[in-house]
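Q: Can you walk me through a structure? I'd like to go through it piece by piece.

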Amino acid sequence: MDIRDTQFDVNGQCTFKNNLLNRSGKRGVDRLLERSGDLYRDNEHLRRFIELIGDGVNSLKRALKPREPFSIVCHGDFNRNNVLFRYDEAGLPVDVLLFDFGTPRYGSPALDISFFLYMNTTQYIRESRCDDLLNEYCLTLAKSVPSVVRVPKDELNSEMAMCVFFGFACASFFLPHQLEASVIYNEEISEEENVEWLLKLGGDTGSDRVADIVQHIVDMKYTNYQKTAKCVQFYFYAAVVGGGFRPADRAVPAGGSRAPPAADVRLTVKLKPPVELLRTVLKSDRQFHNEIHVYHNVLPFLTEHLPEGTRGPALPVFVYGRNECGARWPEDVIVLVDPRGQGYTPARGSEHGSGGAASAHMDYNHLAVAIAALGRFHGMSFTTKQKNPVAFRKLVGNLREIQWDEDGWLVKSNGLKSLSMRGARPLMDQEKYRDGKLKGFLTMIREADRNLKLAMTPKEPFAVICHGDYCKPNILFEYDEAGQPKDAMITEFTAVRYGSPGLDLSYFLYKNADKDVQNNRWEDLLAVYLESVVAVLPADVKAPTTEQLHRELRFHALYGYAHLLFAVPNMINDNPRGLLDIDNDDEKTVEDLLVARIDAADEKITEILSETVRHIIDHGYAEQYEFSGNSRL
């Protein structure tokens, strides 16, 4: 569609300069609190609106981004100055002529509606007749299209919630202008002085007009602009085990038991674990922070930088997130659209059969589709940090660490070293590994905590936003008619971190690929990964080479092995409870429970770990530890 963007220039810079969006919003917020502070000072939706204006440019970008299936060609400047009326004999308006198409754009109809309402209606009309106006819009729209075309009547409130920031941004700028007899810009003063002057236009009346808009947005709860404005009012019925995901069959409005309409979207709901000790060990507050931050900020920002016509990885649709923590932790929730409605399901059974370690492994076809999705996900970081490094660093800086604390890694008291020996000991008796072949690996785990910390420290130029827990349970697949996987959706962003792509790759491949695939198709999978990285990059952004990727794996394979120690007890158990058993014995540490679980199935676990150590050694991924310098780390 050959329409030029008038809100952002070719360099992606917003036409609202000098933080004008934030400051215009603050003008309205301050006035609203002056006149109605008792009503709004502690209002949850006013707090969220303040967050929106604090990230004003990105909030505007998200509002303007087209979302199917309801996007249309919008006028972009729909107000009374750009319409002419035709009147009947009684002097009542019966039709309008729309003109001045200088700022059209493709997007939600709510862009035009919100701009029109805030520019052309009084606060009284918005409070008393807003629903009537929206109904009139839907009725007229339904009459103008064939009956087979779906009109967004039920979804219009959601569309308004997602796009209302556009109406606010424009109206908060233009309404104060309309209160002045004339507005003449002074080109002899600085941009900052001009902004200060703009913020005073209209005087107190101008401030009141902006405050009226803020009040309407808050009263309508339009601050929940991801997917639906009213999700916060719903109680979600779901079966949740240990804070994990289960689909919610229905969403019932608060205060009622009425069954929802058949068109309601199935939702997936995530809650925090009910056991306090488990919430502490898992750092649930930080996990929720990361996941909400990723869905709310990181993923929209990364996808905005995809080259035109390029497809990123399939991702869940975020609806709502709350992470108040403290005494109100039971109210914390993350809500997504159920991916099954998009055709994505957990991995189906493969040639490996079912049960035991085999159930954690995937066949080559599943691995290839999953690693391709990972490549597209990592590739978005390469582009974004080159195109917009300042904003990218800000996003990364807001991620929370969930694996390390003041006492060290997840397993304390150098437990990682002792556990790591489980995979090395069986190789010590094999002739192939007697002549110093194990030296590098043994040196690596001798200071396992230190070396793992160094491996997890970001190093440029190849650091990306990593998933952190990329494995079979967190990947959903779409299948073709023959039952073969054709796409993968990445879920569960609780452990996300900034670091080498080798972190995700080592963990994914060591946990999900069996020894035959590791030994015979390793290079093929890395080639699929690199091809997918390249597929989402613009021409001026370079992907790592195969040699560079192996180098990243050499210095980060310890991450995959260390996390495999946590995963392997569940891999050999058809019905694992994992570390959720910690609520049974408050005296046991995470290391105690992990050792007990490994001991319970020592032979099977030792085989998995020793094969992984063998692969690390045979591929030279521990050689750098043979030398005392260790300069790369």
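Predicted model: local features only at pLDDT ≥ 70, side-chain atom pairs only at ≥ 80, totals over all residues.

Q: Fine. How many residues of strand β10 are buried?
A: Five of its five residues are buried, so strand β10, residues 333–337, is mostly covered.

Q: Which way do the residues of β10 point?
A: Val333, Val335 and Val337 point one way from β10, while Ile334 and Leu336 point the other way. All of these are buried.

Q: Why would side chains alternate like that?
A: In a regular strand the side chains alternate between the two faces of the sheet.

Q: How many bridges join β8 to β10?
A: Five bridges join β10 to strand β8, residues 267–271, and the two run antiparallel.

Q: New topic. In what order do β11, β13 and β14 come in their sheet?
A: The order is β11-β13-β14, in an open sheet of three strands with antiparallel pairing.

Q: Which strands stand at the edges?
A: β11 (345–346) and β14 (485–490) do. Each has a single partner strand, so one side of each has no neighbour in the sheet.

Q: How many bridges does β13 share with β14?
A: Strand β13, residues 475–479, pairs with β14 over five bridges, again in the antiparallel sense. Tyrosine 479 has proline 485 in β14 as its bridge partner.

Q: Now the helix. How far apart are the end C-alpha atoms of α18?
A: They are 20 Å apart. Helix α18 covers residues 522–535, and its 14 residues should span 20 Å at 1.5 Å a residue, which agrees.

Q: Which residues of α18 are buried?
A: Trp522, Leu525, Leu526, Tyr529, Leu530, Ser532 and Val533. They cover an arc of only 160° around the axis, so they lie on the same side of α18.

Q: Last thing, the surface. Which residues form a nonpolar patch there?
A: Phe85, Tyr87 and Val96 form it, and together they have about 310 Å² of accessible area.

Q: Where is tyrosine 87?
A: Tyrosine 87 is in strand β2, residues 83–87.

Q: Why does tyrosine 87 count as partly exposed?
A: Its relative accessibility is 48%. Buried means under 20% and exposed over 50%, so tyrosine 87 falls in between.

Notes
Residues numbered from 1 in each chain as written. Heavy atoms only, no water. Patch = residues over 30% accessible without salt bridge, like charges linked within 9 Å, V, L, I, M, F, W, Y side chains within 5 Å. Areas by Shrake-Rupley, 256 points an atom, 1.4 Å probe, with all protein chains shown as cover. Salt bridge = Lys/Arg side-chain N within 4 Å of Asp/Glu carboxyl O. Helix = DSSP H or I, 4+ residues; strand = E, 2+ residues; numbered from the N terminus. Buried < 20%, exposed > 50% of the residue type's maximum accessible area, 1.4 Å probe, protein only. Expected span 1.5 Å × (residues − 1). Arc of directions from axis to C-beta. Pairing = 2+ DSSP bridges.
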